Amino acid sequence: MASSELGDHDDDLIIRRVSITETVLVSSALDSLQPPKVVNLSNLDRQCPLLMYLVFFYKYPTTSSADHSPLWSLDSVFESLKSGLEKTLSIWYPAAGRLIMTSPTDDDVNLNSNLGGLNLLCNNRGTVLAKAATAVQISELGDLSQYNDFFENLVYKPPLPVFDDQEGDHFSQMPLVAAQVTKFGCGGCSIGVGISHSLFDGPAAYEFMCAWASNSDIKQIQNELDFIIMDDELQPKPVVALVHDRGTLLKMVDNYPCHDDDEGHSAAAIDHLYQLIMQSAATVASTYLLMIKSTNDDSRYVHKTFHLSSAFLKCLKKQVVGDNFSCSSFELVAAHLWKAKTLALGLSTETMVCLQFAVDARNKVKPPLPRGFTGNAYVLASVALTASQVVDQSDHKAIVDKIKEAKKSVTNKYVKSYMEGVAAGGSQQTSLPPLKELTLVSDWTRMPLHKVGFLREEADYASPLVAPVPEVIYFMQNPKDDKGIDMRIGLLPQYLDAFTRYFFTNTCSVTSVEM
């Protein structure tokens with residue numbers, strides 16, 4: 001159910017010609033059926049409690065003679081999204097909760113909380129849904145795949161938690177899902193969605209949004225049109241029971257047998273990250289110089305999307321590894337971009353460089369996680385080499401082999417060590433110092449985000465906003481070429497031209513690439 005408006009919006013909320021006109025809290029329609037309880041989070045959930053944002057763009061239909069204006073009115077879309085979210089939260093109920101800090105001494109039986117740290121209180125407090133409008137036309141934004149500062153105005157951003165000594169529970173006021181529907185002057189809409197990474201990982205967030213879209217049937221308010229059946233191909237529905245409890249991961253850490261030879265063993269990603277931080281510290285003369293560097297205008301990352309067509313990927317594979325060499329598109333592009341980035345940085349030959357990428361651990365742990373598991377189940381695999389070992393290779397075969405080895409290294413023991421390493425570090429990835437020698441890749445190609453049909457059809461584009469770690473490189477499915485890859489990369493501006501040159505020089509015709 002939706003509460004009344006959170007408050008009046010004054011001129012401060014009119015940002016760059018986007019005006020928020022209404023904001024409501026949306027909670028489950030089945031509030032009475034789900035008593036409050038605490039879901040104990042794993043260390044994987046606790047790595048990044050901030051919201052991650054996506055903006056879905058839907059251009060107003062121009063190919064049909066039908067009058068879409070009633071269905072696409074701001075009020076109609078807003079009410080449909082609100083109704084669909086109420087339904088969805090009855091099953092995905094943790095999304096309406098709040099993060100809380102608990103201690104190991106908490107013994108409230110009703111809340112079922114027995115583990116200290118950051119945990120999830122399922123109390124149906126509600127998600128935030130905002131209504132907004134702008135005179136801007138979608139066409140004015142240009143290529144929607146290219147990040148634009150204006151996109152930041154198309155999502156609702158709750159106030160960040162304030163950390164001070166007076167208030168110990170910093171997250172209890174922050175919603176875990178915040179969304180904003182914005183009507184453009186051309187008649188099109190955007191739907192910006194922010195989801196806490198402590199709540200869901202990528203695949204779970206994707207399924208949550210698909211379920212929400214499926215429940216948000218767009219209807220004409222005046223009931224002049226018949227009820228519309230949603231297209232099943234655009235709206236994948238859950239076929240298995242959802243499992244919000246993190247018990248399997250928590251028990252694995254507690255019960256996995258520890259052998260003598262495990263002493264001192266840690267996940268490669270944790271070791272390599274520590275080595276990079278030490279290397280970075282050693283090259284900085286003082287903390288003062290580091291602060292000066294971080295405030296320089298050049299420290300602002302530039303985010304660029306490269307459209308790598310399936311034809312380009314086929315050509316690239318032939319040139320850098322050969323047709324008879326077996327590798328995935330992910331392994332191919334990751335190896336190629338790592339080499340191009342290392343060349344662009346102009347590092348000394350003995351400098352350590354590191355490639356890290358997310359690996360789904362759902363089937364890596366023992367026992368495997370349930371199919372409907374909605375928590376975070378990704379760990380980072382890692383490859384570390386010297387700059388010369390990366391750039392001096394005549395082809396990419398050795399680098400691809402290293403990537404394959406890193407993937408295979410993610411076992412039950414690795415996941416346990418990784419979770420323990422994250423806990424021992426006591427800090428989230430969001431607090432990492434700038435590490436230009438780190439190449440961090442997140443593969444979204446198995447999540448066709450543009451097919452999340454909030455408006456009964458595919459989005460023209462689904463664009464991620466800047467992540468808390470701006471160096472993250474996203475591999476996304478190209479809406480016009482399902483075997484192609486849209487590669488979104490963040491680089492310091494002084495390296496972008498060099499990276500582009502090294503990535504595309506002596507590979508394939510640029511006609512297979514859009515930039």
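**Helix packing and salt bridges in the predicted model**

At 41% relative accessibility, Asp-75 counts as partly exposed (buried is under 20% relative accessible area, exposed over 50%, and partly exposed in between, with a 1.4 Å probe and protein chains only). The model is predicted, so that local features need pLDDT of at least 70 and side-chain atom pairs count only at pLDDT 80 or more, while totals for chains, interfaces and linings use all residues. Residues are numbered from 1 along each chain as its sequence is written, and side-chain values use heavy atoms, with hydrogens and water left out.

Asp-75 forms a salt bridge with Lys-131, with 2.8 Å between the closest N and O atoms (a salt bridge is a side-chain nitrogen of Lys or Arg within 4 Å of a carboxyl oxygen of Asp or Glu). Because Asp-75 lies in helix α1 and Lys-131 in strand β8 (residues 127-134), the pair ties together parts that are 56 residues apart in sequence. Helices (H or I, at least four residues) and strands (E, at least two) are DSSP runs, numbered from the N terminus. Lys-131 has 9% relative accessibility and counts as buried. Glu-22 joins Asp-75 and Lys-131 in a network of salt bridges.

A search of the whole structure gives 10 salt bridges. In one of them, Arg-300 pairs with Asp-149, the closest N and O atoms being 3.1 Å apart. This pair links distant parts of the chain, 151 residues apart: Arg-300 is in the loop between α5 (287-294) and β11 (302-308), and Asp-149 is in the loop between β8 and β9 (177-183). Arg-300 counts as exposed at 52% relative accessibility, whereas Asp-149, at 38%, counts as partly exposed.

A salt bridge is also formed by Asp-201 and Arg-362, whose closest N and O atoms are 2.9 Å apart. Asp-201 lies in the loop between β10 (189-196) and α2, and Arg-362 in the loop between β12 (352-360) and β13 (378-386), so parts 161 residues apart in sequence are tied together. Both Asp-201 and Arg-362 are buried.

Helix α1 (residues 74-89) packs against helix α2 (residues 202-215) at an angle of about 125°, with the axes 7 Å apart. Axes are lines fitted to C-alpha atoms, for helices over the stretch in contact, and angles run from 0 to 180 degrees between N-to-C directions. The two helices α1 and α2 are therefore oblique to each other (under 35 degrees is roughly parallel, over 145 roughly antiparallel, 65 to 115 roughly perpendicular, and the rest oblique). The contact (heavy atoms within 4.5 Å) involves Leu-81, Gly-84, Leu-85, Lys-87, Thr-88 and Leu-89 of α1 and Phe-208, Ala-211, Trp-212 and Asn-215 of α2. Six residues of this contact of α1 with α2 are nonpolar, three polar and one charged (Ala, Val, Leu, Ile, Met, Phe, Trp, Tyr, Cys and Pro count as nonpolar, Asp, Glu, Lys and Arg as charged, and the others, Gly among them, as polar).

Helices α7 (residues 329-345) and α9 (residues 397-408) pack at about 120°, with their axes 9 Å apart; α7 and α9 are therefore oblique to each other. Their contact is made by Phe-330, Glu-331, Ala-334, Ala-335 and Trp-338 of α7 and by Ile-399, Val-400, Ile-403, Lys-404 and Lys-407 of α9. By class, the contact of α7 with α9 has seven nonpolar, no polar and three charged residues.
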